Amino acid sequence: MAWFETVAEAQRRARKRLPRSVYGALLAGTEQGLTLTDNVRAFDEIGFRPQVGDQPAERDLATTVLGQDISFPVLISPTGVQAVHPEGEVGVARAAAEAGTAIGLSAFASRSVDDVVAANPQTFFQTYWVGDRDRIARRVERAREAGAAALIVTLDWVFDSRRDWGSPDIPERMDLATMAKFAPEGAVRPRYLLDWLRAGHLPRLTVPNMADPGEEPPTFFQAYGEWMYTPPATWADLEWLRELWGGPFMVKGVTRPDDARRAADIGADAVSVSNHGGNNLDGTPGAIRSLPGVVDAVGDRVEVLLDGGIRRGTDVLKALALGARAVMIGRAYLWGMGAAGGPGVKNVLDILRSGLDEGLFGLGRSRVGDLRPGDLIVPDGFSRGPQPWAAEETPRPKSD
Ligand SMILES: Cc1cc2nc3c(=O)[nH]c(=O)nc-3n(C[C@H](O)[C@H](O)[C@H](O)COP(=O)(O)O)c2cc1C
């Protein structure tokens with residue numbers, strides 16, 4: 001594999017290697033892409049206060065998240081990598097294991113939780129609230145039996161799929177008619193096609209972790225349809241899920257301090273401050289802007305993670321200095337995967353690790369846990385909230 005230097009370069013290569021519709025599915029975003037853009041740009045508003053002299057000759061990047069020892073505070077955020085590369089999430093899991101870190105595995109992933117745990121025992125299974133409690137219980141029990149080390153429940157999804165730049169055409173399944181339709185896209189991406197030819201099959205576009213035991217894996221769209229017709233989870237449902245699981249539990253998709261407190265109240269061990277990578281309610285501020293408010297509210301009760309917009313080691317540094325215990329990455333590794341499969345993911349993790357290490361050196365910090373807000377220059381109004389005219393607590397229907 002030809003090594004690349006930055007995540008931006010991985011993205012350029014992924015764009016060249018992947019068929020247009022696959023690239024478009026990873027780019028994702030919604031509406032105008034305000035949140036998609038702000039997730040990345042917000043980091044640029046934060047500056048550093050480097051220190052010289054007495055810098056630590058060696059830095060310790062290791063930490064723990066949800067009881068797992070990881071070699072540096074960057075985890076793989078759950079995404080379904082259907083059709084990006086034949087190895088799918090197994091390739092991602094292996095790269096994460098080589099880098100000494102954990103992977104969040106989406107229930108909408110293309111590979112089974114058993115295969116992924118075999119590649120990386122530090123697998124956190126992620127589910128949405130899809131189907132009734134019995135079905136959800138069977139899904140998470142299957143993940144437990146496979147050996148998943150934690151459960152992530154993702155709450156921020158509003159089913160918006162409009163994009164001003166146009167949404168990719170994603171087929172239901174890869175049959176002959178679909179192949180004929182997508183042939184022109186594939187023909188101009190020979191290296192991508194070769195990867196699949198070598199693997200001996202085409203993208204299956206199924207989601208095995210959404211199947212009941214003994215059931216054929218549903219297609220992505222079948223499972224998505226079930227989700228659309230599932231009544232949204234109440235906090236009482238989530239408390240039930242938390243108790244059922246019993247082990248380490250993360251709520252992903254929190255931006256507001258009051259929601260973070262609710263997650264802590266139901267017994268979550270961690271929250272991820274996240275807006276689903278800008279794929280959700282467009283106009284939500286960049287995730288890093290919401291981090292300080294959540295850290296203030298629950299930082300002493302739960303582990304606070306952040307995902308959204310991480311493209312460089314210095315982004316990780318900024319999130320940690322603002323109080324995150326670790327970050328999760330989405331597109332950064334998807335671009336690595338698209339550019340070069342599993343080794344591309346490892347390349348991305350290496351980029352983030354060295355960037356973080358250099359940043360610690362520059363700030364004169366020997367351990368990631370020593371980073372402080374005072375290491376940064378954060379402009380006034382950065383968090384953009386809570387606004388004086390907006391009540392923090394929205395009245396809501398009782399959930400139980
Ligand atoms: C193509 C794609 C698929 C995703 N699928 C999931 C998913 O299945 N479950 C989930 O919790 N988050 C999902 N996400 C959100 C990511 O876990 C993460 O929150 C987001 O990508 C972080 O932003 P970043 O891409 O800027 O790093 C997805 C994101 C992308 C781009």
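Biologist: Where is the place of N275?
Modeller: N275 sits in the loop that runs between β9 (270–273) and α12 (287–298); helices (H or I, at least four residues) and strands (E, at least two) are DSSP runs, numbered from the N terminus. This is a predicted model, in which local features need pLDDT of at least 70, side-chain atom pairs count only at pLDDT 80 or more, and totals for chains, interfaces and linings use all residues. Residues are numbered from 1 along each chain as its sequence is written, and side-chain values use heavy atoms, with hydrogens and water left out.

Biologist: Why does N275 count as buried?
Modeller: Buried means under 20% relative accessible area, exposed over 50%, and partly exposed in between (1.4 Å probe, protein chains only). N275 has 4% relative accessibility and therefore counts as buried.

Biologist: What makes the pair of N275 and N39 side chains a polar contact?
Modeller: A polar contact is a pair of N or O atoms within 3.5 Å; within protein, one must be able to donate a hydrogen and the other to accept it, and residues adjacent in sequence count only if both atoms are side-chain atoms. The two side chains make such a contact at 2.9 Å. N39 is also one of the buried residues of helix α3 (residues 34–44), as are T35 and F43.

Biologist: Against which elements do the buried residues of α3 pack?
Modeller: They pack against α2, α12, β10 (303–307), α13 (313–321) and α14, where contact means heavy atoms within 4.5 Å. Leaving aside neighbours within four places in sequence, the contacts of L306 include F43, I288, L291 and M328.

Biologist: Which residues have the most contacts inside the largest nonpolar core?
Modeller: They are I288, L291, L306 and I329, in a core of 106 residues. Such a core is a set of buried Ala, Val, Leu, Ile, Met, Phe, Trp, Tyr and Cys residues joined through side-chain atoms within 4.5 Å. Helix α14 (residues 331–363) gives the most to this core, with 15 residues. A second, separate core has 14 residues, among them L66, I152, A270 and M328.

Biologist: How many residues surround the ligand, and which are the closest?
Modeller: The shell holds 23 residues, the closest being P78, S106, Y128, T154 and D307; a residue is near a molecule if one of its heavy atoms lies within 4 Å of it. A polar side-chain atom of S106 lies 2.7 Å from a ligand oxygen atom, and one of T154 lies 2.7 Å from an oxygen atom of the ligand. A backbone N or O atom of G330 lies 2.9 Å from an oxygen atom of the ligand.
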